[in-house]
Amino acid sequence: MDGLSPRPGEDARTLAAGPGRVVGRAVTRIEDLPLVRGEGLFAADVNFPRQLHMRVVRAEIAHGRIVSVDAEAARAMPGVVAVWTAADVADIPLIPFRATKVRGLEPYCQPVLARDRVRYVGEPVAVVLADDAYRAEDAAETVMVELEELPVVLDAAAPPGEFAPGHDTEPTVVRKEYGDIDAAFRSAHAVVELELSVGRHSGVPLETRGAIARYDAAHDVLELHGTAKKQHWNRDEIARLLGRPPQGVHLFEGHVGGGFGVRGELYPEDLLVCAAALRLRRPIKWIEDRREHLVATNHSRQQSHRIRAAVDAEGRLLGIDDVFFHDQGAYVRTHGARVADLAAGMLPGPYRLPAYRVAGHFRLTNKTPAATYRAPGRYETTFVRERLMDAIAARLEIDPVEIRRRNLVATAEMPHARPLDALGTDVVLDSGDYEGLLDKALARFGWDAMHKELAARRAAGECVGAGLAFFVEKSGLGPSDGVRVTVDATGAVEVVSGAASVGQGVETALAQICAEALGVDYSSIRVVRGRTDRIEFGNGAHASRVTVMSGSATWQASLAVREMALECAAQLLQLSPAELTISEGVVTRADGLAGPSLTLAEIARGRGPNSPAMRGQTPGLTAERWFWSDHMAYPYGVHLAQIRIDAGTGGVTVERYLVANDIGRAINPMLVEGQIVGGLAQGLGGALLEEFRYDPSGQPLSTTLADYLIPTIAEMPEVDVLIAEDAPSPLNPLGVKGAGEGGTNGAGACIASAVDDALRRPGAITSLPLLPAHLRALLVEAP
Amino acid sequence: MTEALDVTLTVNGERHAVRVEARRTLADALREDCGLTGTHLGCEHGVCGACTVLLDGEPVRACLLFAVQAQGRAIRTVEGLAEGGELSPLQRAFIENHALQCGYCTPGFLMLGTALLERDPTMSDEALVDALSSNICRCTGYANIAKAVRAAAAEMRERVPA
């Protein structure tokens with residue numbers, strides 16, 4: 001018996017419904033202790049002897065031809081070891097993107113240092129390497145970059161401009177279609193048409209990016225520290241781009257100060273520190289400052305949609321036809337066209353839609369490149385789709401809740417396959433009771449009673465309103481993830497996963513699953529993640545995939561170890577495995593009768609490599625399992641808000657908020673609630689505060705946290721969270737669906753709906769964010 | 001660049017003799033010269049509060065102070081909160097109430113919260129929200145941070161009867 005391959009029937013075991021011993025319980029996190037003691041290891045905390053500090057010289061205009069870069073003064077400054085421009089890194093290819101179905105994007109990828117042209121303010125043009133961070137910054141300020149200005153493209157919906165000779169600023173158009181869309185519009189009772197847009201905002205984690213590379217010549221290994229999210233893919237690409245075998249490159253993850261989609265992608269700085277460490281044979285440390293972060297790290301969200309719906313007399317959708325413009329910024333980054341693709345694939349959401357056509361114009365502009373941010377493509381399209389549902393309701397004079405009821409996919413229609421794809425997988429809504437959750441949410445929020453109360457407040461002169469948005473998320477992107485569970489000779493349990501952590505509680509969730517399956521204490525389990533030197537493959541932490549994919553693999557590997565332990569114990573105790581159980585790391589009789597027992601430590605020692613009993617077998621109390629999935633699991637939910645607009649300032653106060661979210665199964669309800677409330681804060685930020693603004697020449701205006709406004713506690717409403725487990729996913733043994741993005745997804749749509757209601761002007765809100773000046777203008781012109 | 005100055009920083013009761021340029025921030029001196037990396041930098045322009053430390057008991061932004069300005073003052077950082085290995089009531093409350101996710105803003109919030117609790121553990125909810133609005137957390141949505149400070153306040157009120 002070895003732990004390498006599953007045995008017949010093994011994969012069939014699923015986690016029983018309801019809370020278990022540890023799973024389903026709001027236990028405290030195993031991550032927290034070093035973090036509250038100030039003993040964390042974030043990127044800036046990583047130091048190596050003899051390290052050099054890298055400072056990036058960035059473009060100061062949005063589009064220009066590089067005439068010259070003069071670094072002579074910088075090279076002569078004290079402590080400066082090297083200054084590099086594009087010519088010094090000409091051998092490093094453009095930074096690639098992860099494969100999707102969309103082809104032809106290669107010419108639009110970003111070089112590690114700008115060649116010939118700069119295309120956004122903040123683009124790396126040169127780097128200074130010095131023995132001290134302050135000195136590197138001093139020297140960088142003396143590097144003179146002479147640029148000849150070129151015309152800028154700032155509006156993705158404007159006619160395309162030139163990216164480079166022979167390439168315009170529209171690399172591709174994402175098209176999807178099913179059903180007879182023209183017939184739907186010919187037979188429509190009514191056609192509702194809207195122009196809608198979502199502003200440019202992004203994850204903006206509190207820790208900026210950082211990268212520390214070190215070449216270990218003794219072992220011929222290039223190490224990169226301060227990494228996150230996609231270590232294995234990044235490792236493979238760094239190796240390829242720098243001409244090394246992947247085995248000679250290792251990525252390490254310490255603590256990660258928030259990811260939200262933007263951190264852990266392969267950026268120019270990651271490759272620059274690696275190349276410098278190899279060439280200069282000294283460790284290279286780069287820590288981004290906040291101004292850099294706001295112009296250099298991925299932006300997101302900016303789209304404008306022209307959407308039309310054909311409906312019948314009862315308000316049932318017959319077809320949706322959408323044309324949108326996706327503002328990608330200056331280059332294609334590691335996601336390729338993924339956000340536009342997700343927007344196109346996920347737009348229909350929870351509604352029955354007989355015909356659909358979408359054309360997503362993927363456009364480059366002279367702004368910071370964009371990619372995913374929590375609920376990518378869904379925050380945007382939930383706003384668009386739910387605005388559309390509100391508009392249909394208004395046009396046909398049907399209640400907004402009723403219009404949704406009439407269109408929601410029914411439980412009997414699950415699994416509901418759409419002739420569409422997203423992230424390269426077919427969209428098959430796996431399970432759900434959409435209307436049931438809507439009812440629960442409305443009841444919990446006191447929807448009907450609230451409307452009476454709001455009417456009374458309006459009569460008294462207040463500008464108050466309520467809104468709702470229904471959303472469908474996606475989670476658990478495959479195809480695979482592996483986990484190795486090992487009990488060592490002292491009985492300590494280690495879970496090694498190919499997942500990563502961005503601070504969301506991965507370690508605790510995986511430890512709970514392992515503890516439940518194996519029969520040990522969750523709090524002493526060591527969870528290894530984000531390290532390429534401990535596991536050969538991994539697909540990382542993104543797209544709300546970890547608990548589904550790595551969680552399922554942890555479940556299966558832990559069960560395999562359990563079985564192995566029980567079989568060993570059964571032989572030694574002369575009982576059958578079925579008569580035994582494991583609790584607190586001790587194998588005892590399952591019937592509770594007194595009798596001999598064995599600890600997992602004793603069993604692990606018995607399975608050691610020098611144990612005669614192991615001769616001819618693979619030693620160790622250990623098992624590795626891989627979970628595979630062809631389809632995503634689709635969580636869903638409802639956002640409900642009650643808001644007030646200050647008639648004097650146009651400022652919106654969110655008074656009350658409910659997020660109802662069915663995630664199939666909550667491994668840890670406290671962590672799920674934390675994800676939802678935290679996600680909501682970001683969603684509200686994008687709805688009411690956060691925006692990367694540019695002047696007409698492409699100069700960014702939101703380059704400090706005093707200009708780019710993140711919600712503080714003062715902007716957060718009281719939030720009620722309804723975690724539902726009505727529709728476990730049939731696609732994995734835990735029944736789980738991802739919980740990371742539902743709190744964000746519906747926020748923009750919900751606030752827009754509530755503001756419409758407060759203004760008493762259906763359809764007034766057509767864009768996000770809803771800034772006070774705009775609402776003040778709407779209030780003034782209101783009848 | 002500029003001449004280095006000899007400065008003695010008293011951090012969590014320990015004296016650190018460091019040699020720094022006049023322009024070196026207190027945050028950098030704590031992190032790089034004293035080796036106390038628990039104090040984090042989130043924006044380096046005084047908005048986010050991640051670098052909050054206590055200077056003679058008052059919460060300050062360590063990114064907006066120069067190390068030389070802290071000479072002769074009592075500095076407290078997150079590393080000094082646990083006494084003899086035992087977590088402070090606020091540190092414990094942060095764990096029990098899931099008041100942290102990535103943990104990057106946590107040292108700043110712990111120091112801010114410690115100052116608030118030492119000043120007035122009976123403060124109103126409104127005053128608490130007002131005070132906590134000076135720091136940014138990007139993960140939690142704040143509800144659990146406020147809950148943790150309230151829980152620690154309740155524990156401290158029980159310990160020291162008014």
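In this predicted model, chain A gives 44 residues and chain B gives 43 residues to the contact between them, where two residues are in contact if their C-beta atoms, placed from the backbone, lie within 7 Å. On the side of chain A that touches chain B, at least two residues each come from helix H1 (32–36), helix H3 (133–140) and helix H16 (669–688) of chain A. Helices (H or I, at least four residues) and strands (E, at least two) are DSSP runs, numbered from the N terminus. H16(A) supplies the largest share of this side, seven residues. By class, the side of chain A that touches chain B has 22 nonpolar, 13 polar and nine charged residues. Ala, Val, Leu, Ile, Met, Phe, Trp, Tyr, Cys and Pro count as nonpolar, Asp, Glu, Lys and Arg as charged, and the others, Gly among them, as polar.

Chain B itself is assigned domain 1 (4–80) and domain 2 (89–159), with bounds from an automatic or database domain assignment. The centres of these two domains of chain B, taken over C-alpha atoms, are 22 Å apart. Their contact involves 15 residues of domain 1 and 13 residues of domain 2. On the domain 1 side, strand S3 (52–55) and strand S4 (58–61) of chain B are the elements that give two or more residues. The largest share, three residues, belongs to S3(B). This side of domain 1 has seven nonpolar, seven polar and one charged residues.

Residues are numbered from 1 along each chain as its sequence is written, and chains are lettered from A and ligands numbered from 1 in the order in which they are written. As the model is predicted, local features need pLDDT of at least 70 and side-chain atom pairs count only at pLDDT 80 or more, while totals for chains, interfaces and linings use all residues.
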